Each structure stands twice: as C-alpha cells, then as structure tokens.
Amino acid sequence: MATVSSTTSSLATATFPSSRRFPRYGRRCRVGMAFASAEKGAAAAAAAGVSVTEGEGKLPKLVLTSAHGSEAEIYLYGGCITSWKVAKDKDLLFVRPDAVFNKKKPISGGAPHCFPQFGPGPMQQHGFARNMDWSVAESQSEDGNPIVTLELKDGPYSRSMWDFSFQALYKIILREKSLSTELIITNTDTKPFSFNTALHTYFRASVTAASVKGLKGCKTLNKDPDPKNPLEGKEERDIVTFPGFVDCIYLNAPSEVILDNGLGDTISIQNTNWSDAVLWNPYLQMEACYRDFVCVENAKIGNVQLEPKQSWVAKQILSVA
Ligand SMILES: O=P(O)(O)OC[C@H]1O[C@@H](O)[C@H](O)[C@@H](O)[C@@H]1O
C-alpha cells in the first residue's frame, strides 16, 4: 500500500524519500539555479547533461542525457516528459500520433500532469497544469545522473478556473535504468484549498500482449460505461490485460505495480503517496493508435486538502531491470 493516503498531508506527515536516500556515487555538482526561461538556462543546463532545445512546434524542450546512456525529453509546456529511453532508439513512453505542439491543446502522450483535477469534474478534463508553461527552477547532476526541477505557479489562466495561489515543484531524476519524479504541491494562498491529481503516463506497448500485475484485491471504480457514475467493484485478476476499452480506477493501489509492455520490457512502477492507480486504453475510440500504448497512471483520486503553507508530496519511480 502507498504509505500515506490521508486526505490532508503536510511535509511533516507526508514522508517521502529524500535525495539522500538515492545511491550517491560522488560529489554532487550543481550547475544551474533558478533560471526561469529556456534561453536563460541553456548554457548552464548543458553542463549537467541537461540541454534546452527547440522541440516540436518550436516549444522549449529539455533533453536529459545520463552518463550511463539513458535519455529523457521534457516539454516545459505542461511539464510533460515525452520520452524515456534506457537503450538507444527504444522509447518506453508513447506520444499519440494526434498530439499537437501548439499550446492549443495539452500534449497527448508522455506523462502529462492532471492537476488540480483528475476529472471528470467542474473544471476542464484533467485540470490546467498540462496546459501551462512550467519553468526550470533548478538543474544539477549527481555522478552523471541529470536532475531538473520544474516549477508551476498560479497565473491568470489557472485563476480563471481555480482561484488559489499554489506552487508545484516537479523534480525529475534520470538514472541508467530509472526515471524518478517527485511532485510537491504547496498552498501559497491564505485560504485552504483541495485538489486531486494524477500522472497520466502513456507507455509504449503492444496492447494485445500488455499486462499489469499487482492490482488484485483493489477496490475498483470502473468508468466504463459512464465516467460520471463509475461502477464499484473489486479486482479479482492477478494479471490485468487490455482486451478492449479499459478505463478503471484502482483505489488504495500498492506501492508497486509491474507493467509488461508486450514488447519485451518489464517496467516497475513504484510510488510513494500516489495512493491510487488508473488503467486506460481507448480501444476503438482511437483506432489509429490504441494498439500501441497503455496508460498506467499513478493518481490521487480522493481530495487532498491543504491549509496555507502546507505541502503534499508524491513520488514515482519507473525502472527496468
Ligand atoms: O486527455 P487524454 O490524454 O486524451 O486522456 C483522456 C483519458 O484519460 C484517462 O486518465 C481517463 O481515465 C479517461 O477517462 C480519459 O478519457
């Protein structure tokens, strides 16, 4: 089970692994601090295995390259990790062929943020964090492992939907065989707020051969056929497959599930404090691409309530053997 699943968490109660718990191989090298724009940070970022490039649609894209051969790409628009490769030319993430990079829509693929609403709900589907420009708060490297921290704060766009002051910090660490993220949401307002959230990760897969292990026994909320009135149930299967349309929430999911992507990769999806999980494949609703991916999402479906100055923290580690 995820270690913290209460609806109210602060830094004091929501324990999470600090960077000190990660293996350290030598001296930490901080190479870039608090740069707010891609251009400003480009020079500093390059030294850390973090370069700022122009991505699709000329959007700023960070390219992380570890000294151990792994690579990741992150768009500042949406704070969206769109690519993770542990071996050259083999992306473990998936971006849909209908994805657009013009800021008119969120990037459809990779690992978009759903914040401050997973949805459906009063706001637009999956909230606004995936439709906003994040900035680079910090860039560093630890023994060849690039680390970047992105930041999102409220602005007129978010305020038009959710009238609160907040800060989201998203730390991404690329290692040889893993990609770790840590999301910290802080209430910077003078009044309490509540939110729910998810990391809507699209994994490259062969849908007919893909499966997920570890969800047996979880309470389920099946959003098929009606997302607004999900059917309650319990997962009885050891191994969950994707034989057709799948859109299901798993409450109190374990701290690790294992994805077999059907393409020869076994991916461990670990979490701290992402209490729930979501499996999604659109089947014939996206005929052009449904065969090529599955979404396995770490989520926090129940509302997190934060008082002013309180923070909520959740961590995800994707790794391959
Ligand atoms: O917004 P996207 O990336 O097209 O994803 C939509 C899907 O996202 C999933 O997380 C939801 O469970 C689905 O209900 C929803 O349809």
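Reader: Why is Ile-301 called partly exposed?

Author: Ile-301 has 19 other C-beta atoms within 10 Å. A residue is buried with 20 or more other C-beta atoms within 10 Å of its own, exposed with 12 or fewer, and partly exposed in between; C-beta atoms are placed from the backbone. The value 19 falls in between, so Ile-301 is partly exposed. This is a predicted model: local features need pLDDT of at least 70, side-chain atom pairs count only at pLDDT 80 or more, and totals for chains, interfaces and linings use all residues. Residues are numbered from 1 along each chain as its sequence is written.

Reader: How much of the protein counts as buried?

Author: Of its 321 residues, 45% do.

Reader: Which strand holds Ile-301?

Author: Ile-301 is in β22, residues 293-306. Strands (E, at least two residues) and helices (H or I, at least four) are DSSP runs, numbered from the N terminus. The protein has 23 strands and 2 helices.

Reader: What makes β2 an edge strand?

Author: β2 (50-54) pairs on one side only, and so does β6 (90-91). Two strands pair if DSSP finds at least two bridges between them. The open sheet has 5 strands in the order β2-β3-β4-β5-β6, with antiparallel pairing.

Reader: How do you know that β2 pairs with β3?

Author: 5 bridges join β2 to β3 (residues 60-65). At least two are needed, so the strands pair. Val-50 stands opposite Leu-64, and Glu-54 has Pro-60 as its bridge partner. β2 and β3 form a hairpin with 5 residues between them. In the turn, Gly-57 has a positive phi of about 60°.

Reader: Which residues lie around the ligand?

Author: They are Ser-108, Gln-125, His-126, His-200, Lys-223, Pro-227, Asp-247, Val-278, Trp-280, Cys-295 and Glu-297. The test is a C-beta atom, placed from the backbone, within 6 Å of the molecule. β21 (276-281) and β22 each give two or more residues to this shell.

Reader: What makes 4 of the shell residues nonpolar?

Author: Ala, Val, Leu, Ile, Met, Phe, Trp, Tyr, Cys and Pro count as nonpolar, Asp, Glu, Lys and Arg as charged, and the others, Gly among them, as polar. The shell therefore divides into 4 nonpolar, 4 polar and 3 charged residues.
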